[in-house]
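Hello,

Here is the structure I promised to pass on to you. Please open it next to this message and follow along as you read.

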Amino acid sequence: MERIPILRMGGFLLVTIQIELDDQVAVALQEDLSERIVKTGARGVLIDISALRVVDSFIGRMLASIAAISKLLDAETVVVGMQPAVAITLVELGLSLKGVHTALTVEGGMERLRTAVAAPGANGHRTS
Amino acid sequence: MVTAQAETQTLQTSQDVVLVRQMVRQKTTDLGFSLIGQTKLVTAASELARNTLEHGRGGRVLIETVQNGHRSGLRLVFEDSGPGIPDLHQALSDGYTTGTGLGLGLGGSRRLVDEFEIDSHVGQGTRVTIVGWK
């Protein structure tokens with residue numbers, strides 16, 4: 001089975017999905033990412049889906065799970081590069097990906113991660 | 001409605017679901033569907049193919065180009081010999097799930113296509129027919 005590479009960039013992890021995702025590869029990515037977050041102590045995860053021409057309910061749910069799992073592991077997730085046709089289809093399908101941060105470009109996504117990580121009290125950091 | 005060209009693909013693994021997506025993408029591209037039209041039909045096909053695989057214990061899909069006057073479209077017929085769906089009304093409502101999904105498969109894919117028909121018999125199987133017009 002193919003696995004999607006996870007790159008480390010500073011304090012963030014970067015995933016670019018460039019293959020057609022079957023369900024098993026999607027589940028493996030979720031597991032690999034969780035492990036890498038803990039191993040590296042990454043504070044942010046950026047997932048570039050600009051090459052994905054289809055996001056169905058399973059893949060959408062996987063993206064939402066990754067965001068939720070990352071949050072529990074003290075990391076923020078941003079999904080970047082969603083194609084307009086994919087966004088329209090997802091909403092009609094009934095999946096609005098609540099709780100998943102998005103940005104249009106990788107640059108925008110990195111900016112969003114930096115802001116989220118820098119914000120006081122963000123990411124479960126105790127302020128008291 | 002006239003059927004022009006037909007192809008069958010078996011649905012036994014999650015790789016087959018990806019294959020069906022690619023086949024539907026190719027056909028809708030050939031037929032000149034808009035990008036959004038392609039994406040909707042490919043996504044609906046992906047949902048229904050996964051349903052056939054997970055709930056129907058595998059099956060097949062018939063992919064055929066259809067013609068209605070000047071309109072051309074793609075019809076997909078998903079068939080399995082699985083346990084069938086006891087309550088179709090419930091199965092078509094959002095949030096209903098017996099498997100690992102969110103329960104958006106049937107109801108969600110119905111919203112993405114122009115025509116949707118489901119025929120299911122407990123103990124015999126399920127057949128879902130969808131059509132997307134260009």
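This is a predicted model: local features need pLDDT of at least 70, side-chain atom pairs count only at pLDDT 80 or more; totals for chains, interfaces and linings use all residues.

Let me start where the two chains meet. On one side, 18 residues of chain A are in contact, and on the other, 23 residues of chain B. Three elements of chain A give two or more residues each to its side: helix H1 (23-40), helix H2 (57-72) and helix H3 (84-93). Of these, H3(A) gives the most, with six residues. By kind, the chain A side splits into seven nonpolar, four polar and seven charged residues.

Next, the interior. In soluble globular proteins, nonpolar side chains tend to be buried together. Here the largest nonpolar core has 51 residues. The residues with the most contacts inside this core are Leu13(A), Val45(A), Leu46(A) and Ile47(A), along with Ala45(B) and Ala49(B). Helix H2 (residues 35-54) of chain B supplies the largest share of the core, seven residues.

How do helix H1 (residues 14-31) and H2(B) cross? Their axes come within 9 Å and cross at roughly 155 degrees. Angles over 145 degrees count as roughly antiparallel, so H1(B) is roughly antiparallel to H2(B). The crossing of H1(B) past H2(B) is right-handed. Among the residues that meet here are Val17(B), Val20(B), Val24(B) and Thr28(B) from H1(B), and Leu41(B), Val42(B), Ala45(B) and Ala49(B) from H2(B). Taken together, the residues of this contact are eight nonpolar, six polar and three charged.

Finally, have a look at Ile85(B), in the loop between strand S3 (71-80) and helix H3 (88-91) of chain B. Is Ile85(B) buried or exposed? Ile85(B) counts as buried because it has 24 C-beta neighbours inside 10 Å, where 20 or more are needed. Setting aside neighbours within four places in sequence, the contacts of Ile85(B) are Ala91(B), Ser120(B) and Thr126(B). Ile85(B) also sits 7.8 Å from Gly125(B), C-alpha to C-alpha, with the two 40 residues apart in sequence.

Enjoy exploring, and do write back with any questions.

Best wishes

Conventions:
Residues are numbered from 1 along each chain as its sequence is written. Chains are lettered from A and ligands numbered from 1 in the order in which they are written. Two residues are in contact if their C-beta atoms, placed from the backbone, lie within 7 Å. Helices (H or I, at least four residues) and strands (E, at least two) are DSSP runs, numbered from the N terminus. Ala, Val, Leu, Ile, Met, Phe, Trp, Tyr, Cys and Pro count as nonpolar, Asp, Glu, Lys and Arg as charged, and the others, Gly among them, as polar. A nonpolar core is a set of buried Ala, Val, Leu, Ile, Met, Phe, Trp, Tyr and Cys residues joined through C-beta atoms within 7 Å. A residue is buried if 20 or more other C-beta atoms lie within 10 Å of its own, exposed if 12 or fewer, and partly exposed in between; C-beta atoms are placed from the backbone. Axes are lines fitted to C-alpha atoms, for helices over the stretch in contact, and angles run from 0 to 180 degrees between N-to-C directions. Angles under 35 degrees count as roughly parallel, over 145 as roughly antiparallel, 65 to 115 as roughly perpendicular and the rest as oblique. A crossing is left-handed if the near helix is turned anticlockwise from the far one by less than a right angle, and right-handed if clockwise.
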